[in-house]
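Reader: Could you take me through the structure? I would like to begin with helix packing and then turn to some loop residues.

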Amino acid sequence: MRIGILTGGGDCPGLNAVIRAVTKALIKTCGAEVIGIEDGYLGLIEQRVRPLDLRAVAGILTRGGTILGTHNAANPFNWQGRDVSAQCAEFARSQGLQAIVVIGGDGTMAISHKFSQYGIGMVGVPKTIDNDLLHTERTFGFDTAVAVVADALDRLQTTAQSHHRVMLVETMGRYAGWIALEAGLAGGADVILLPEVPYDIDAIAEVCRRREARQRFTLICVAEGAAPAGGSMTVASTVEGSHDPVRLGGVANVLKLALEQRLTSEVRATILGHIQRGGTPTPFDRVLATQFGVHAAELVRAGQFNRLVVLREGRIASVPLADVAGGIRTVPLDHPLLTVARSIGVSLGVAGVP
Ligand code: F6P
């Protein structure tokens with residue numbers, strides 16, 4: 001049995017842990033040959049593969065990034081304006097690949113679902129620091145990103161307190177607020193702003209003003225996709241020609257300017273950016289990634305293809321790949337952590353709520 005493995009989309013702590021687990025499990029349980037496809041689907045397009053044996057995956061459990069490389073935009077169905085999927089499938093067949101384990105986010109899974117039409121068994125493993133994939137309670141990489149943001153909040157809290165400043169910390173997360181919510185709680189943020197809860201700048205300024213008088217500092221954790229109620233004052237509206245605030249980053253800078261106009265305190269903004277995606281995965285992410293990888297290998301061995309490994313009610317399971325394509329999981333407005341935040345007086349930047 002020859003099985004391919006690729007990592008697609010943005011990198012994420014824990015990718016190497018999955019590669020290691022899939023490779024080890026397949027070699028040890030059924031003596032499979034494992035073939036690494038380089039740079040996501042680009043490796044199929046450009047015909048770049050290399051064998052993965054036990055030696056190749058030794059010592060990579062704790063390493064950030066992906067030893068296979070990845071690519072954000074390599075889509076065989078639309079590569080530089082052409083559909084090269086049939087050639088990719090032909091190449092995979094010429095390599096004797098019966099199945100491919102694909103580690104990626106929603107975009108990669110949508111491509112993989114489509115690619116299964118060529119009769120190559122596809123098994124997906126969900127990856128994203130954003131934790132926003134449908135049908136899985138957790139994606140690996142998220143815990144690491146939360147730890148990085150919480151650490152940043154810890155550090156910024158002491159400098160905010162010393163200088164009596166308002167500190168804004170912008171997290172990643174695309175259109176979902178999971179990272180900002182969990183890290184904001186873990187790092188003791190006074191205000192947490194999420195894409196799911198449109199903010200009111202005057203409500204945020206009011207929180208800062210009250211704290212100016214007493215605690216004399218404010219820590220604000222803002223998700224990159226957060227936007228004001230009514231939709232004005234986005235980054236897109238401040239940067240000519242751009243319409244995607246998430247791709248640009250910088251909502252923290254927009255808020256900084258708006259708060260400076262309303263407060264006497266100094267305001268500083270920190271955009272954490274790709275720091276949240278780099279470096280060694282947390283123990284939780286290493287274990288989750290290993291569990292996902294082993295389960296993916298089990299699905300391959302059992303011939304159960306076109307499925308995505310997920311975490312459901314705390315157990316590793318799988319769902320049809322078709323179910324995942326084209327949707328994201330945002331923070332529901334009745335999520336218990338939102339209630340927890342409100343109960344301890346964390347502001348979600350909503351007007352009329354103290
Ligand atoms: O989906 C992961 C993620 O890190 C998002 O949180 C962020 O919006 C985006 O990718 C950044 O993408 P890029 O690495 O292409 O700048």
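Author: The discussion below covers a pair of helices, a further helix and some loop residues. This is a predicted model, in which local features need pLDDT of at least 70, side-chain atom pairs count only at pLDDT 80 or more, and totals for chains, interfaces and linings use all residues. Residues are numbered from 1 along each chain as its sequence is written.

Reader: At what angle do H5 and H6 pack?

Author: Helix H5 (residues 142-163) and helix H6 (residues 178-186) pack at about 45 degrees, with their axes 8 Å apart. Helices here are DSSP runs (H or I, at least four residues) and strands likewise (E, at least two), numbered from the N terminus. Axes are lines fitted to C-alpha atoms, for helices over the stretch in contact, and angles run from 0 to 180 degrees between N-to-C directions.

Reader: Which residues of H5 and H6 meet?

Author: From H5, Phe142, Ala145, Val146, Val149, Ala150 and Leu153 meet Trp178, Ile179, Glu182, Ala183 and Ala186 of H6. Contact requires C-beta atoms, placed from the backbone, to lie within 7 Å. The residues of this contact divide into ten nonpolar, no polar and one charged. In this division, Ala, Val, Leu, Ile, Met, Phe, Trp, Tyr, Cys and Pro count as nonpolar, Asp, Glu, Lys and Arg as charged, and the others, Gly among them, as polar.

Reader: Changing topic, which residues of H3 are buried?

Author: In helix H3 (residues 85-94), the buried residues are Ser85, Cys88, Phe91 and Ala92. A residue is buried if 20 or more other C-beta atoms lie within 10 Å of its own, exposed if 12 or fewer, and partly exposed in between, with C-beta atoms placed from the backbone.

Reader: What covers the buried residues of H3?

Author: Their cover includes strand E1 (2-7), helix H2 (42-45), strand E4 (99-104) and helix H4 (106-115). On the other side of H3, Ala86 and Ser94 are exposed.

Reader: And the loop between H3 and E4: is Leu97 buried or exposed?

Author: Leu97, in that loop, is buried, with 22 other C-beta atoms within 10 Å. Not counting residues up to four places away in sequence, Leu97 touches Arg2, Ile3, Gly4, Ile35, Ala92 and Ile120.

Reader: What is phi of His164, and where does the residue lie?

Author: Phi of His164 is near 55 degrees, a positive value in a residue other than glycine. His164 lies in the loop between H5 and strand E6 (166-171), and is partly exposed, with 14 other C-beta atoms within 10 Å.

Technical notes. Two residues are in contact if their C-beta atoms, placed from the backbone, lie within 7 Å.
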